[in-house]
Amino acid sequence: MLPTPSTSHVPYTLVYEPAEDSFLLLDTLSSPTSLTFHTSHFPPSSPTPLVLEIGPGSGVVLAFLTAHANHIFSRPDILTLGIDINSFACASTAKTVSLASQDHPTTSGEFLSAVQGDLTSCLRGRQVDVLVFNPPYVPTEDLPALPERLREKKEGKVTFEEESKLLELSYAGGKDGMETTDRVIDSLGDVLSERGVAYLLLCAGNKPEAVKQRIREMDNAGEGRRWKAETVGTSGRQAGWEKLQIVRIWRE
Amino acid sequence: MKLLTLNFLTCAVKTCKSSSDSFPLHPKDAELASDDVEVNPELLVNLLPRLDWKALKTTSAEVFLPSCIYPLGFPQLPDSPPTIEQLQSDDKLLKDLHSLLMETNLMEGKLVCGVCGHEYAVREGIPNFLLPSHLV
């Protein structure tokens, strides 16, 4: 078991606290079968892979991937990047990753930056080799918006209403819990490199079988190639259904 | 943020993306900081083939303007990327690239789009790419 990065400095009134979904990602990404996949997908002397996490929150998953790069990707030369809409999450992520990296200097990749942004809108096309997304997946009536004042980091105390909005943003997924995830799925063809692979967390309420089918039928994989979408990690069985699962997505 | 991050970012405005002028973004009023990172030749060798060299050259020329004081003065990058052999045999080049790519951080300032002119603020090392609602 690779050690879980410390997040004791993270303000949990403003940033999503690591939970079962985060830990499922850690377990799945560091499993022996993932290692085999990564080793054949990103062989040691191929160009340095760029790893992106969308919505890293506390930064626990990105810090884990960075600090244990050599165990997870069988090479320490990876670059990592986090993009979060919440500026407090960006600051938390930067700190969590840098602490974990310092603790594991011989196996760690290089952390580029935490960026405040809306999903992948600020990325140059087709650069990402590994994309990780633990989305706001809970089905909700409405999709929350970031309070206008928090789009720019301003001085002053965060109000109680703003705090609850920030946390709501981390879990509320709108219709079927898929409104934000669908935007990311639609952008995969533009965001992932040719060899790119995405890890997406889904809950039973997201109708994962239908989601995987939709991905396999997307037509932007490139000539002679098709999208693959396979479940590679599950947790929390409930009435015969897996409560949470991780889907790996790539072109083949 | 590592200066190297600019090799992967563009303007967040949709209509700018089709223009080649939206990449790289141009640093303005940049305050830099240097991290002490151990040199990793293997990383640089594997990183080189995936970099946009022209963009990197632009970024390094713009960020090290005379107004920004770089303690050692940063040397100009060659017009084309060095080969792996050049990198492995030229210790100074390796160290310069290491210092530029792995150690240089942009802490404060702005990143400006060459198409729409929008300025993205960088504060405490974190750039903000959220757009005001009229630009989304």
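**Note on the A–B interface, a pocket and a cavity**

1. Chain A and chain B bury about 2,700 Å² between them, 56% of it on carbon and sulfur atoms; buried area is the accessible area (1.4 Å probe) that two parts lose on being put together, summed over both. This is a predicted model, in which local features need pLDDT of at least 70 and side-chain atom pairs count only at pLDDT 80 or more, while totals for chains, interfaces and linings use all residues. Residues are numbered from 1 along each chain as its sequence is written, chains are lettered from A in the order in which they are written, and side-chain values use heavy atoms, with hydrogens and water left out.

2. The contact (heavy atoms within 4.5 Å) takes 35 residues from chain A and 32 residues from chain B. Across the interface the rule finds 3 salt bridges, each a side-chain nitrogen of Lys or Arg within 4 Å of a carboxyl oxygen of Asp or Glu. One of them joins the side chains of A:Arg124 and B:Asp52, at 3.9 Å from N to O.

3. Between chain A and chain B, 18 residue pairs are in polar contact, both residues at pLDDT 80 or more. A polar contact is a pair of N or O atoms within 3.5 Å; within protein, one must be able to donate a hydrogen and the other to accept it, and residues adjacent in sequence count only if both atoms are side-chain atoms. On the side of chain A that touches chain B, strand E2 (79-84), H5 and E3 of chain A each give two or more residues. E3(A) gives the most, with 7 residues. Helices (H or I, at least four residues) and strands (E, at least two) are DSSP runs, numbered from the N terminus.

4. The second largest pocket has a volume of about 910 Å³. Of its 35 lining residues, the closest to its centre are A:Ser101, A:Glu110, B:Lys2, B:Asp35 and B:Val37. A pocket is an open set of points on a 1 Å grid over the protein atoms alone, with protein on both sides within 12 Å along at least five of seven lines; lining residues have an atom within 4 Å of a point. Grid points are joined across faces, edges and corners, and a volume is the space filled by probe spheres set on the points. H5(A) gives the most to this lining, with 7 residues.

5. The structure holds 1 cavity of 30 Å³ or more, a cavity being a set of points where a 1.4 Å probe fits but cannot get out. The largest cavity has a volume of about 50 Å³. H7(A) supplies the largest share of its lining, 4 residues.
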